[in-house]
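Reader: I would like a close look at a single part of this protein, namely its salt bridges and the elements that they connect. Please take me through them with care, and say how each term is meant.

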Amino acid sequence: MRKTTSVEATKQLAATLAPYVHPGDVIVLEGDLGAGKTHFTQGFAAALGVSAPVTSPTFNILLAYEDGRIPLYHLDLYRLDEAEELDDIGYYELIDGDSDGVACVEWAEKFPESLPCDYLEVVIRRDPTDEGARQIRVHSFGPRSRQLLCVWSNDSKARLQKTA
């Protein structure tokens with residue numbers, strides 16, 4: 001868990017994750033509208049070396065950034081209504097573990113049966129006591145994401161704290 005106090009702090013936290021990801025990794029971003037999922041992705045993308053502006057893919061559903069250390073696929077499933085639509089956007093090819101890049105997926109919780117077997121979940125919530133602050137909880141699901149969370153949480157710049 002980590003509390004960030006600004007958009008910039010959220011981006012900086014995300015940047016500390018970028019050195020540890022490998023092609024095929026999946027990061028699921030969960031949170032309400034405006035919680036900071038895209039800000040997290042912006043910091044993550046910048047640390048990967050993405051030079052293009054990273055924007056919310058709400059209307060595009062998938063945006064690909066291929067100029068960083070590894071390709072970044074930013075998906076937003078908010079506007080999808082049926083799990084069958086995931087096939088149309090190439091979702092499964094990007095999250096199956098054999099992708100050439102890392103996938104950041106917003107609103108994946110809409111289709112829980114379509115989540116990959118191995119992913120890192122980043123839950124971002126507004127702090128009710130501080131308008132600019134965010135509570136960020138991270139969970140791993142699967143051996144690769146467990147390894148990823150372990151190295152990320154041991155990075156002194158991330159300052160992730162274990163919770164019960």
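Author: A salt bridge is taken here as a side-chain nitrogen of Lys or Arg within 4 Å of a carboxyl oxygen of Asp or Glu. The model is predicted, so that local features need pLDDT of at least 70 and side-chain atom pairs count only at pLDDT 80 or more, while totals for chains, interfaces and linings use all residues. Residues are numbered from 1 along each chain as its sequence is written, and side-chain values use heavy atoms, with hydrogens and water left out.

A search of the whole structure finds three salt bridges. In one of them Asp 127 pairs with Lys 3, and the closest N and O atoms are 3.0 Å apart. This pair links distant parts of the chain, for Asp 127 belongs to the loop between strand 6 (119-126) and strand 7 (134-141), whereas Lys 3 is in strand 1 (residues 2-4), 124 residues apart. Helices (H or I, at least four residues) and strands (E, at least two) are DSSP runs, numbered from the N terminus. Asp 127 is buried, at a relative accessible area of 7%, while Lys 3, at 38%, is partly exposed; buried means under 20% relative accessible area, exposed over 50%, and partly exposed in between, with a 1.4 Å probe and protein chains only.

Another salt bridge joins Arg 144 to Asp 25, with 2.9 Å between the closest N and O atoms. Because Arg 144 lies in helix 5 (residues 143-153) and Asp 25 in the loop between helix 1 (7-17) and strand 2 (26-30), the pair ties together parts that are 119 residues apart in sequence. Asp 25 is buried, with a relative accessible area of 5%.

Arg 125 and Glu 30 form a further salt bridge, in which the closest N and O atoms are 3.2 Å apart. Here Arg 125 lies in strand 6 and Glu 30 in strand 2, so the pair ties together parts that are 95 residues apart in sequence. Glu 30 counts as buried at 17% relative accessibility, and Arg 125 as partly exposed at 34%.

The strands named above belong to an open sheet of seven strands in the order 1-7-6-2-5-4-3, with mixed pairing, where two strands pair if DSSP finds at least two bridges between them. Strand 1 and strand 3 (62-65) stand at the edges, each with a single partner strand, so one side of each is left without a neighbour in the sheet.
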